[in-house]
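Dear colleague,

Please find the structure below, handed over for your records. My notes on what was found in it follow directly after.

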Amino acid sequence: MKKIELHSVSKKQLKQIHTWLRAAIQLLYFIFIPSVYTAAFAGVKYIFTQIGAGGRIEFTSFVTVLILICLYTILFGRFFCGFACAFGTLGDAVHALYRYIFKKIKKKPLLISDEWANWLGKLKYVVLTAIVLMCFAGVYGKAKGTSPWDVFSMIRAGNFKLGGYIVGLLILILILVGMCLEERFFCRNLCPMGAVFSLLPVLPFFALHRDRENCIKGCSACTKKCPSGIGLPKDGSPRVEGDCFQCQKCIDTCPKGNVHTGIRGLKGNEIWFTLFRGILLAAILIWAGV
């Protein structure tokens, strides 16, 4: 049987392979390691609760997971958000189903406008600040039952005893509606861990840039396809986009192939590189006991 080489695969076929590979990695993380987000953010809450109480900060399992995920993000960017976060995967599935339904009924889906999206994107910092202040003041425990990600974790674990989580359930339902109206709605607008990640000093090695000099005049395909609606920095710029989920969609979308990492010759969506990052992250999390 003749061996099929990747270079013989068409650009469209390779794009489909990348899409299915990402979906497969997301599904595996969703099934086997769904609690990383809650574990990492529990680390954030623990740190500020201890600071507020004047207590000693110890390297608990939650703090360990938080540190490891942050270090991984500093090196590789927000690969965790794009491939491994259960809440992000839920958002992708809900939005894809919503658009599929409207495509089938041949109707234009209702979506959040770009103007509103720009304003809503700042909310995650408000959410993070509010939670940090509540932890610092020692009153976060009184808000039990209002957390949508706690409700999601319970449902994901098969626990439907949500009597004390009605507010959190209602917020989760509203978030699901938002996920329909905007791709990565929660990640862009409400995720406190996303706010933490976007503030990290990400190294430029694997951050995405584009060769603007070779772009087609008037083309903005990468920005339109981006779940965060960001414009990538040009080559040579030290700027790193903190809201980039490393989903790789811009790389496959660019008609000129201008998008690449900070390392010349590495696009960032190579199958081996995607698998390497996914396996490395899984190994780190398993080692941390998640």
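I begin with Gly-138, which takes a positive phi of about 75 degrees just after helix α7. Helices (H or I, at least four residues) and strands (E, at least two) are DSSP runs, numbered from the N terminus. The model is a predicted one, in which local features need pLDDT of at least 70 and side-chain atom pairs count only at pLDDT 80 or more, while totals for chains, interfaces and linings use all residues. Residues are numbered from 1 along each chain as its sequence is written, and side-chain values use heavy atoms, with hydrogens and water left out.

Helix α7 itself comprises 15 residues (123–137) and reaches 21 Å from its first C-alpha to its last, close to the 21 Å expected at 1.5 Å a residue; the expected span is 1.5 Å times one less than the number of residues. Lys-124, Leu-128, Ile-131, Val-132 and Cys-135 of α7 are buried. They lie on the same side of α7 because they cover an arc of only 100 degrees around the axis, the arc being that of the directions from the helix axis to the C-beta atoms. Buried here means under 20% relative accessible area, exposed over 50%, and partly exposed in between (1.4 Å probe, protein chains only). On the other side of α7, Val-126, Leu-133 and Ala-137 are exposed. The cover over the buried residues of α7 includes α2 (36–53), α8 (148–156), α10 (185–189) and α11 (192–199), where contact means heavy atoms within 4.5 Å.

Helix α1 (residues 11–32) has buried residues of its own: His-18, Leu-21, Arg-22, Ile-25, Gln-26 and Tyr-29. Because their arc around the axis is only 130 degrees, they are on the same side of α1. The face turned away from that buried side carries the exposed residues Lys-12, Trp-20 and Phe-32. Among the elements covering the buried residues of α1 are α5 (86–104) and α14 (271–288).

His-209 lies in strand β1 (residues 209–210) and is buried, with a relative accessible area of 5%. A polar atom of its side chain is 3.3 Å from the backbone oxygen of Ala-207.

Finally, a search of the whole structure finds zero disulfides, a disulfide being a pair of cysteine sulfur atoms within 2.5 Å. For Cys-85, the closest cysteine sulfur is that of Cys-187, at 5.9 Å, too far for a bond. Cys-85 is buried at a relative accessible area of 7%, and Cys-187 is buried at 8%.

Yours sincerely

Conventions
Polar contact = N/O pair within 3.5 Å; in protein donor to acceptor, adjacent residues only side chain to side chain.
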